[in-house]
Amino acid sequence: MGATARKPVVLVTAADLAPQALDMLGDFEVVFAGKQPTEDDIVALCTHHKPVAIIVRYGKVNARIMDAAGNLQVISKHGSGIDVIDQDAAAARGIAVRAAAGANAAAVAEHAWALILACAKAVPQLDARMRAGHWDKATHKSVELEGRTLGLVGLGAIGRRAAAIGVAFGMNVIAFDPYAKEAPAGVRLVSLGELYAQADVVSLHCPLTAENRRMLNRDAFSCFKPGAILVNTARGGLIDETALAEVLVSGQLRAAGLDSFDMEPMTTPHPFQGIANVILSPHIGGVSDAAYVNMGKGAAANVLAVVDERARTAA
């Protein structure tokens, strides 16, 4: 390689990437944008480095970023949710958009169940009471899940894993997914209205689209069973947060477990912080030891596939 030649650049919108993924990207110069890069940070790096690929871990990728990266061929999501990428803008510029589908499915399904169980058994609340010197054995009753109905909105890789766990717990599992041609064993497909009305636990596993933004609003919550539990490990934009706060405070919902929020990081102060029957985690459902590697490798593989394909086409 001549002294003036340099490797094509892959920009990662984070401070790190799994070593296994970096090994796959040995023919590229990998540039990291830092822990929580702003749009301006990413634009500046794109302007300077002209990456052929962006691996999206944190933040969003819009038309302004795409235009700053004049050589951009592919935007590869470190995970499955590509709603953070302006797909129309990418299509208009001939830029491929790819997701590491299924790479974090086990991690997210497990976290959804951690939140379901924490809500049903009041784990954080009882822990806090114990630490404050209380012994609530005579007054506390948890929710037993066996025989209750689990309603899953979305039956992709994550939803199917969550369903299998529900079946193993002896729950009646129902699901709404307009794209599912058949349901896995032990799962019954229903309409969204039926799901809201019948489910003791509602867990969200669908992508965020323009059509389903804030689908869980006051009208939707009015259809829920009294005392139901809501868990969201998908996207915060699916929920009208003001409406959810109201039904949690009123007791119409028993509890909610939330791993994603309308604005991320979650704005502070936030009404949820003062509501005792909501359990919060900072969008880490897909961030496990194994998923970190799987998502990194999946994102890198998608970069390589697109760049290789375009090189062959241009040859």
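This is a predicted model: local features need pLDDT of at least 70, side-chain atom pairs count only at pLDDT 80 or more; totals for chains, interfaces and linings use all residues.
Colleague: What distance separates the C-alpha atoms of Ala-183 and Gly-251?

Modeller: Along the chain, Ala-183 and Gly-251 are 68 residues apart.

Colleague: Is Ala-245 buried or exposed?

Modeller: Ala-245 belongs to helix H10. Buried means under 20% relative accessible area. Ala-245 has 11% relative accessibility and therefore counts as buried.

Colleague: Which residues does Ala-245 contact, leaving aside its neighbours within four places in sequence?

Modeller: Contact here means heavy atoms within 4.5 Å. With those sequence neighbours set aside, the contacts of Ala-245 are Phe-272 and Ile-275.

Colleague: Which element gives the most residues to the largest nonpolar core?

Modeller: The largest nonpolar core has 32 residues, and Leu-204, Leu-216, Phe-221, Leu-230, Ile-239, Leu-244 and Leu-253 touch the most other members. Elements that each supply at least two residues of this core include helix H8 (192–198), strand E9 (201–204) and helix H9 (218–222), as well as strand E10 (228–232), helix H10 (241–250) and strand E11 (253–258). The one that gives the most, with five residues, is H10.

Colleague: How many residues does the other core have?

Modeller: This other core lies apart from the largest one, and its members include Leu-145, Ala-163, Ala-175 and Ile-229. Its residue count is 24.

Colleague: What radius of gyration does the protein have, and what would a compact globule have?

Modeller: The C-alpha trace spans about 75 × 45 × 35 Å along its principal axes. For 315 residues, a compact globule would have a radius of gyration near 20 Å, which agrees with the protein's value of 22 Å.

Colleague: What percentage of the residues in the protein are buried?

Modeller: The secondary structure consists of 11 helices and 12 strands. Of the accessible surface, about 15300 Å², carbon and sulfur atoms hold 54%. Among the 315 residues, the buried share is 47%.

Definitions and conventions
Residues are numbered from 1 along each chain as its sequence is written. Side-chain values use heavy atoms; hydrogens and water are left out. Helices (H or I, at least four residues) and strands (E, at least two) are DSSP runs, numbered from the N terminus. The radius of gyration is taken over C-alpha atoms; the globule rule is 2.2 Å times the number of residues to the power 0.38. Buried means under 20% relative accessible area, exposed over 50%, partly exposed in between (1.4 Å probe, protein chains only). Accessible areas come from the Shrake-Rupley method with a 1.4 Å probe; for residues, only the protein chains shown count as cover. A nonpolar core is a set of buried Ala, Val, Leu, Ile, Met, Phe, Trp, Tyr and Cys residues joined through side-chain atoms within 4.5 Å.
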